[in-house]
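Subject: Handover of a structure

Dear colleague,

Please find the sequence and the structure below. A summary of the findings follows them.

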Amino acid sequence: MSETGLPLIPGEAAHIARDPLDPAFSFEEFYTRLRKRRTGIKRALLDQGLVSGVGNIYADEALWAAKLHFARPTDTMRRADALRLIESACDVMTRALAAGGTSFDSLYVNVNGASGYFSRSLNAYGREGEPCPRCAALGLSTLIRRDSFMNRSSYSCPVCQPRPRNGRW
Ligand SMILES: [Zn+2]
């Protein structure tokens, strides 16, 4: 077991990438592989072969925190962007675990029916038409937008997370 309480992935299971909270997670390996992809950053985040444990809600919250649009082409990701994104994902996942969940998505469902604790701490996910908290702190009244994405939804702030040219959905 790792310090996170999650089982470590045996070396043989190399096709399943590590969780960013796993002490053995290698940012350098993640970044090297990310740059070789020809896809959008959110698709990459949801790809268990690149990084595991990041679901749709985690991804939207991490992208919002890192100020990155979900369609940002992975091969244009600078090292600092990728590092900020992984740090944001770790922060979101740590908060979700602290709120009692084992996975973000199951927690969100549970929370909606129970205390609502974690859903209230979401900044982007599920908040279409509500003010972006970061913009609001700057006196701007930007509203969170929703886009269709992989048969689901992506929530983002049009100001904090501007749509990239040549974005990959
Ligand atoms: Zn914003």
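A residue is called buried when its relative accessible area is under 20%, exposed when it is over 50%, and partly exposed in between, using a 1.4 Å probe and protein chains only. On this scale, 47% of the 169 residues in the protein are buried.

Please note that the model is predicted: local features need pLDDT of at least 70, side-chain atom pairs count only at pLDDT 80 or more, and totals for chains, interfaces and linings use all residues. Residues are numbered from 1 along each chain as its sequence is written, and side-chain values use heavy atoms, with hydrogens and water left out.

Overall fold

The protein has six helices and two strands, in the order α-α-α-α-α-α-β-β from the N terminus. These elements are DSSP runs numbered from the N terminus, with helices being H or I of at least four residues and strands E of at least two. Contact here means heavy atoms within 4.5 Å. Among the contacts with a separation of 6 or more, 55% join residues 24 or more positions apart.

Zinc site

Donors are defined as N, O and S atoms within 2.8 Å of the metal (3.2 Å for Na, K and Ca); water is not among the atoms, so sites may look incomplete. The zinc ion is coordinated by the SG atoms of C132, C135, C157 and C160, at 2.2 to 2.3 Å. Along the chain, these donors follow the spacing C-x2-C-x21-C-x2-C. The arrangement is tetrahedral because the four donor atoms subtend angles of 105 to 113° around the zinc ion; for four donors, the criterion is that all angles lie between 85 and 135 degrees. For reference, the ideal angle for four tetrahedral donors is 109.5 degrees.

C132 and C135 are both buried, C135 with a relative accessible area of 1%. Another cysteine, C90, counts as buried at 17% relative accessibility. The structure holds zero disulfides, a disulfide being a pair of cysteine sulfur atoms within 2.5 Å.

Nonpolar cores

A nonpolar core is a set of buried Ala, Val, Leu, Ile, Met, Phe, Trp, Tyr and Cys residues joined through side-chain atoms within 4.5 Å. The largest one has 30 residues, of which F30, L34 and L85 touch the most other members. Two or more residues of this core come from each of α1 (27-36), α2 (41-46), α3 (56-65) and α4 (79-98), and α4 gives the largest share, eight residues.

Individual helices

In α1, the buried residues are F27, F30, Y31 and L34. Seen down the axis of α1, they fall within an arc of 95° (taken from the directions from the helix axis to the C-beta atoms), so they line one face of the helix. They pack against α2 and α4. Leaving out residues up to four places away in sequence, L34 touches I41, A44, L50, T74, M77 and A82.

Just after α3, K67 takes a positive phi of about 55°.

D81 is found in α4 and counts as buried at 2% relative accessibility. Neighbours within four places in sequence aside, D81 is in contact with L68 and R72.

Yours sincerely

Note on methods: Four donors count as tetrahedral if all angles lie between 85 and 135 degrees; four count as square planar and six as octahedral if opposite donors are over 155 degrees apart and all others between 65 and 115; anything else is irregular.
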